[in-house]
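Subject: Structure handover

Hello,

The structure I promised is below, with the sequence alongside. My notes on what was found follow it.

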Amino acid sequence: MIIAERKPMEEIRREIAPYKKILVAGCGTCVTVCWAGGEKEVGILASQLRLAGSSEGKEVVTLEATVERQCEKEMLAELRDKVEGVDAVLSLACGAGVQTMAGFFEDKPVFPAVNTTFIGMPEKEGLWVEMCGACGDCYLDRTGGVCPVVRCAKGLLNGPCGGTRKGGKCEINPDEDCAWVVIYRRLEKQGRLDLMREYCAPKNARAVKRPGRIHAAKA
Amino acid sequence: MAVPLREILRTKDFVVTAEAAPGKGSSVSKTVEHIELLKDKVDALNVTDNQSSVMRYPSVGICVLIKEHDGEPVLQVTCRDRNRLAIQADLLFAYSRGVDNVLCLTGDSVDVGDHKEAKQVFDLDSVQLIHLVHTLNSGKDMAGNELDGGTDFCVGTTATPSADPLEPQLIKVEKKLRAGVSFIQTQAVYDIDELKRFTEFVRKLDPNVKILAGVVPVIGAKMAAYMNENVPGISIPQHVIDELAQTPKGTGIAKGIEIAARMIRQTKEEKICDGVHIMFIGREERVPEILEAAGLL
């Protein structure tokens, strides 16, 4: 899923400073799961904005709404009335959601309240880790299901750099395992280390022509 | 005329290389001093490529300077700052100016440098970079186009004999050897047994590749402890740290030089590997003292 984290309060307040009536809009999918922009976070942010405003003698009026997926136009339609009644929208969705909202309500200023960070998964309570770089050319068949493109700090495809720390930790982050040590251990366990010995040619960095666009036929 | 490194590697029993680190700024006077001081005392001078991810004068620029001063340069190329177009273009430029030794490295992360918000490239990794150099050597570019004038680089790379765990590193070394290298300049080694094991591993796979052991003098027990803790791929044995700890104040550099020279002597006398690569970062002017103490001058 898509992971995001809330922007610093000062930055959010700067974005909406010229406006009085704000719709704080959450998204019920990825950002709800990663505690960044679901219904609960919408409620918290809205009251923080009102409080911060009143402490400075400035009235901030907030409306709250959370749709299941902000990245789908059809789901945004239900917000039409609320959006029409406000000066600006503060979206807690990922970048795709913010842009869908901004495109759907073109006359209304829409601002991001979160920074979208990566595609990942929850490793444990409160910890999300990056898993996929959406490179468009999946290598997981060669690496025991561990993605070196994003889990190696340098995205190396042929083995670890010379910087691996003692015990197989990453040069950049001593708390993280070196992705290539993880790959090595997994392939060794499966008796498939020959895969790691195979030369991996340079990646097609243009496997997805940006901006990405896929036409798919319904199954 | 400087003797080409590939010739030296073929003919000399014990090869000695050192570093000429580019400075930060457009002035090259300090680097030229180091070049003048070292070029006739060592077989080749490596030029680092934005070492430690700190922006500096370009490696290829200093390599050309070394040629102009009649020295033998080794162009260090990392994968961090350039994509495949830029790397190929720089290599063509280097070769056209007589710089024909290249050391292929991954490169440090930008996180350790002085431009921490820079975009890291790593379009290629070091194994792919070795393949790339051989592609240019065959007269073609990476896209398969014919070159109007190819290259004939002598290709080297690095390795970390002290890595923990070692096995994943050795698999990568194996891939580098298969890609084709004439020499390996290792990360700093302090443990002779480690070096022996690494050399045996490499020689089994490729008896022709020349191994130059990395030598970085340690000038104090605190520095040694710091390096053990913070410099990836480095492991300084306790007996070296103890020796440094017993050194009177103010004599740390001399002791570091003595220990480095002793290691070089042993490496040479016992024919553990084919030479050494001395990196005395920030103290290049004292490299001759190491060479002298090791009996290499």
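**A buried strand residue**

B:Asn101 is buried, with 25 other C-beta atoms within 10 Å. Here a residue is buried if 20 or more other C-beta atoms lie within 10 Å of its own, exposed if 12 or fewer, and partly exposed in between, with C-beta atoms placed from the backbone. B:Asn101 lies in strand β4 (residues 101–104) of chain B. Helices (H or I, at least four residues) and strands (E, at least two) are DSSP runs, numbered from the N terminus.

Before going on, please note that this is a predicted model, in which local features need pLDDT of at least 70 and side-chain atom pairs count only at pLDDT 80 or more, while totals for chains, interfaces and linings use all residues. Residues are numbered from 1 along each chain as its sequence is written, and chains are lettered from A and ligands numbered from 1 in the order in which they are written.

Not counting residues up to four places away in sequence, B:Asn101 touches B:Leu5, B:Ala44, B:Pro73, B:Val74, B:Leu75, B:Phe153, B:Cys154 and B:Gly156. Two residues are in contact if their C-beta atoms, placed from the backbone, lie within 7 Å. B:Cys154 is 53 residues from B:Asn101 along the chain, yet their C-alpha atoms are separated by 4.7 Å.

**Cores**

The largest nonpolar core has 105 residues, and those with the most contacts inside it are B:Leu45, B:Leu75, B:Val133 and B:Val215. A nonpolar core is a set of buried Ala, Val, Leu, Ile, Met, Phe, Trp, Tyr and Cys residues joined through C-beta atoms within 7 Å. The largest share of this core, seven residues, comes from α8(A). A second, separate core of 36 residues includes A:Cys30, A:Leu45, A:Val67 and A:Val114.

Leaving out residues up to four places away in sequence, the contacts of B:Leu45 include B:Ala18, B:Ile35, B:Leu38, B:Ile66 and B:Val74.

**Helices of chain B**

In helix α2 (residues 29–38) of chain B, the residues B:Thr31, B:His34, B:Ile35 and B:Leu38 are buried. They lie on the same side of α2(B) because they cover an arc of only 100° around the axis, the arc being that of the directions from the helix axis to the C-beta atoms. The exposed residues B:Ser29 and B:Glu36 are on the face of α2(B) turned away from its buried side. Among the elements that cover the buried residues of α2(B) are β1 (15–19), β2 (44–47), α3 (59–68) and α11 (287–293) of chain B.

Helix α11 of chain B is also the place of B:Ile290. B:Ile290 is buried, with 26 other C-beta atoms within 10 Å. Apart from neighbours within four places in sequence, B:Ile290 is in contact with B:Pro217, B:Ile257, B:Ala260, B:Ala261, B:Ile278 and B:Phe280.

One helix pair also deserves a note. The axes of α6 (residues 167–179) and α7 (residues 192–205) of chain B come within 10 Å and cross at roughly 40°. Axes are lines fitted to C-alpha atoms, for helices over the stretch in contact, and angles run from 0 to 180 degrees between N-to-C directions. B:Leu170, B:Val173, B:Glu174 and B:Leu177 in α6(B) meet B:Phe201, B:Val202 and B:Leu205 in α7(B). By class, this contact has six nonpolar, no polar and one charged residues. Ala, Val, Leu, Ile, Met, Phe, Trp, Tyr, Cys and Pro count as nonpolar, Asp, Glu, Lys and Arg as charged, and the others, Gly among them, as polar.

**Between the chains**

In the interface, 27 residues of chain A are in contact with 28 residues of chain B. On the side of chain A that touches chain B, α8 (179–189) and α9 (194–197) each supply at least two residues. α8(A) gives the most to that side, with three residues. The residues of that side divide into 14 nonpolar, eight polar and five charged.

**Backbone points**

Most residues other than glycine have a negative phi, and most peptide bonds are trans. A:Trp35 has a positive phi of about 60° although it is not a glycine, and B:Lys271 has one of about 50°. A:Trp35 is partly exposed, with 16 other C-beta atoms within 10 Å, whereas B:Lys271 is exposed, with 10.

A cis peptide bond joins A:Arg210 and A:Pro211, with omega about -5°. The bond from B:Asp164 to B:Pro165 is also cis, with omega near 0°. B:Pro165 is found in the loop between β5 (154–159) and α6 of chain B.

Regards
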